[in-house]
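Work through the exercises below with the sequence and the model in view. Each task is followed by a solution in steps.

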Amino acid sequence: MKAWEASGATKVCLRAEGEADLLALAKAAAARGVATHMVVDAGRTQVAPDSRTVLALLAEGREVDAITGSLKLL
């Protein structure tokens, strides 16, 4: 985390098709030893409570690309 913050804290938003895709990406990240954080929505807006809406990957660009390379920019 400190290395990521020190390098400028780059963030890229990509679109997954749904919760199943987020779970598959999290599994792929875990297999590569990449730290993740899954955001679960509280349901206070139009998103259903307990929906998984965001997956953060904490890794270098090449490592992230290896996991998310097939996704499109949001």
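**Exercise 1.** Which side chain meets that of glutamate 63 in a salt bridge?

Solution. This is a predicted model, in which local features need pLDDT of at least 70, side-chain atom pairs count only at pLDDT 80 or more, and totals for chains, interfaces and linings use all residues. Residues are numbered from 1 along each chain as its sequence is written, and side-chain values use heavy atoms, with hydrogens and water left out.

Step 1. Apply the criterion: a side-chain nitrogen of Lys or Arg within 4 Å of a carboxyl oxygen of Asp or Glu. The partner is arginine 32, at 2.6 Å from N to O.

Step 2. Locate both residues. Glutamate 63 belongs to helix α3 and arginine 32 to the loop between α2 and β2, so the bridge ties together parts that are 31 residues apart in sequence. Helices (H or I, at least four residues) and strands (E, at least two) are DSSP runs, numbered from the N terminus.

Step 3. Check the exposure. Buried means under 20% relative accessible area, exposed over 50%, and partly exposed in between (1.4 Å probe, protein chains only). Glutamate 63, at 25%, is partly exposed, and arginine 32, at 45%, is partly exposed too.

**Exercise 2.** How many salt bridges does the structure hold?

Solution. 

Step 1. The count is 2. One of them joins the side chains of glutamate 19 and arginine 52, at 2.8 Å from N to O.

Step 2. Glutamate 19 sits in helix α2 and arginine 52 in strand β3, so this pair links parts that are 33 residues apart in sequence.

Step 3. Glutamate 19 has a relative accessible area of 30% and is partly exposed; arginine 52, with 34%, is also partly exposed.

**Exercise 3.** Find the span of helix α2 and say which of its residues are buried.

Solution. 

Step 1. The expected span is 1.5 Å times one less than the number of residues.

Step 2. The buried residues in α2 are Leu22, Leu25, Ala26 and Ala29. Down the helix axis they fall within an arc of 100°, so they line one face of α2; the arc is taken from the directions from the axis to the C-beta atoms.

Step 3. Ala20, Lys27 and Ala31 are exposed on the other side of α2.

Step 4. The buried residues of α2 pack against β2 (35–40), β3 (52–58) and α3 (61–68), where contact means heavy atoms within 4.5 Å.
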